[in-house]
Every structure is written in structure tokens, then in C-alpha cells.
Amino acid sequence: MKITAFNGSPRGRNSNTAIMVEEFLKGAEEAGASAEQIYLSEKKIGFCRGCFNCWTVTPGKCIIKDDMNELLEKVMDSDLIIMATPLYVDGVAAMLKAFMDRFLPLLDPHFEKDSNGEWRHTGRFEKYPDIMVISNCGMSGRKNFQPLKLHFSKVARNMHSAVAAEIYLEAGELLHNRSVVLKPLISNYRRHLRIAGEELVTSGAISEKTAAQLAKPLLKDRFYMREANRYWDRELKKLKQNS
Ligand SMILES: Cc1cc2nc3c(=O)[nH]c(=O)nc-3n(C[C@H](O)[C@H](O)[C@H](O)COP(=O)(O)O)c2cc1C
């Protein structure tokens with residue numbers, strides 16, 4: 001199985017998203033997959049211009065000369081693509097959105113109805129990769145991910161694909177926390193990410209048991225709010241002292 005993860009965090013290799021993807025891919029590789037994490041922050045990706053030249057003048061190819069042609073080859077060469085993003089304004093980070101907007105050449109312009117009677121564009125290929133979502137957000141609560149979940153279900157449908165798995169971590173900033181209290185909780189979470197990667201490759205899905213572990217917040221929300229607010233107080237105090 002070939003897995004390519006596209007990390008849309010502007011923090012790139014230092015992102016919480018990167019930690020989640022890295023651990024998941026480790027597990028997947030241990031189970032025999034070949035895997036790669038691509039940092040969109042290191043790529044040149046222009047905005048889709050809406051010219052539709054990729055449908056009319058150069059069918060299947062975008063006229064913008066940047067890294068997208070090479071990235072689209074990687075998309076189509078994968079069995080599973082991971083859309084990895086921090087939650088930004090209740091949705092995907094802008095880099096991942098710019099990347100997905102550029103998927104247009106992968107589809108044919110004609111319209112058709114899917115099995116639910118919903119419109120979409122016809123496929124240009126026999127087979128599209130499955131889609132997986134990995135995301136983390138700054139606030140507490142799984143409800144934060146509702147819009148993202150809905151968005152990716154539509155993206156998958158449009159791409160003649162399916163969402164194979166989703167991993168969402170609330171209060172994800174804690175992944176970089178160095179406190180002794182959190183250390184064992186973070187390593188336990190990372191271990192379950194590796195187990196999830198392994199399970200997805202060996203059985204095609206993340207087990208309910210592992211999914212339940214990954215759905216648990218790292219800290220109870222009242223402690224997280226207290227610690228987060230203390231952190232911002234300290235940062236703002238530093239600013240006052242330096243001014
Ligand atoms: C522009 C911006 C918008 C954000 N919007 C949200 C949001 O809507 N909900 C939320 O819970 N966190 C939000 N966050 C917080 C990030 O999701 C959080 O910091 C996350 O841990 C960053 O992950 P990363 O290190 O993978 O980039 C936002 C952060 C930024 C910079």
C-alpha cells in the first residue's frame with residue numbers, strides 16, 4: 001500500500017499535525033506500507049485561477065507552472081492520501097485548501113449524478129485514492145471538527161473516493177508540551193497513532209478500540225483552559241516587561 005500525506009500546516013515540520021502524521025505513518029510502514037509526508041509549506045503552490053484551461057485547452061493539466069503537476073502525480077500514484085491540517089477558522093488551513101482547489105484537472109468537466117442523486121463532475125480516471133483526514137485544533141471539544149468532517153465527506157464524494165479513516169485531536173497544542181504530567185499521556189497517544197497506522201494497513205480500517213483511544217482528549221478541558229490561559233498571561237507579561 002502506498003500512502004502519501006499532505007501536511008497543510010504553515011508550521012510544516014514543527015507542527016502538531018506533523019507529529020500526528022509521522023506516528024501514524026511509522027505504524028503504517030511497520031505493517032508494510034510505503035509512506036511519505038509532504039509539507040505543503042515547502043512547496044510552490046499557486047491559487048487556482050478558475051480559468052478552466054485544465055478542462056478545455058490542456059485537458060488534465062493545469063497551465064500554472066509550479067509544484068502542483070508533480071504533486072498531482074503523487075496523489076494519483078497513491079492508494080491512500082492523507083489530508084493533514086490544523087483546524088483554521090473551523091476549516092482546513094489555507095495551504096491545504098489551495099492544494100485541493102488545484103485537484104480540478106483530475107476530473108472531467110461533464111456533470112453526472114452520484115448514487116444519492118447529488119451532482120458531481122465525471123471522473124477522468126478509473127480509480128482514485130482513498131482519503132484519510134488527520135487534524136488537530138487549539139480548543140477543547142470534538143464538536144470543533146464537525147465542519148471539517150462534513151467538508152471531507154463532500155471532497156471524497158467529489159473525488160470519486162471515500163473517507164477511509166479520520167483522526168481528530170482537540171487541544172492539539174499539548175503535543176509539544178514538555179511537562180512531566182503530560183509526557184506519559186502524550187507517549188500513550190503517539191503509541192495509539194502508530195497502532196492506528198498499522199491497523200489501517202493490515203485490516204483497511206482503524207479498530208473501534210484504537211479510535212476510542214485517539215478520540216480521548218489529552219487533558220480534561222477545565223485543566224486545559226486553566227493552563228492555556230496561564231500560558232497566554234505569561235506571554236503577555238513578557239511583552240509588557242520588554243516594552
Ligand atoms: C489562523 C488560525 C485559525 C485558527 N482557528 C482555529 C479554530 O477555528 N478552532 C480551533 O480550535 N483552533 C484554531 N486555531 C488553533 C490551531 O488549530 C492550533 O494552534 C493547532 O494546534 C495548530 O496545529 P499545527 O501545529 O499542526 O499547525 C487556529 C489557529 C490559527 C493560527
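Two strands pair if DSSP finds at least two bridges between them; helices (H or I, at least four residues) and strands (E, at least two) are DSSP runs, numbered from the N terminus. This is a predicted model, in which local features need pLDDT of at least 70, side-chain atom pairs count only at pLDDT 80 or more, and totals for chains, interfaces and linings use all residues. Residues are numbered from 1 along each chain as its sequence is written.

**Exercise 1.** Find the residue of S6 that stands opposite Lys113, then describe the hairpin.

*Solution.* Start with the strands: S5 (residues 107-113) and S6 (residues 119-123) pair in the antiparallel sense over four bridges.

**Exercise 2.** Check the span of helix H6 (residues 183-203) and find what its buried residues pack against.

*Solution.* The expected span is 1.5 Å times one less than the number of residues. Now turn to burial (20 or more other C-beta atoms within 10 Å of a residue's own, C-beta atoms being placed from the backbone): the buried residues of H6 include Tyr189, His192 and Leu200. The buried residues of H6 pack against helix H1 (16-30), strand S8 (163-169) and helix H7 (208-214), with contact meaning C-beta atoms, placed from the backbone, within 7 Å. Just past H6, Gly204 takes a positive phi of about 85 degrees.

Definitions and conventions:
Buried ≥ 20, exposed ≤ 12 C-beta atoms within 10 Å, placed from the backbone. Contact = placed C-beta atoms within 7 Å.
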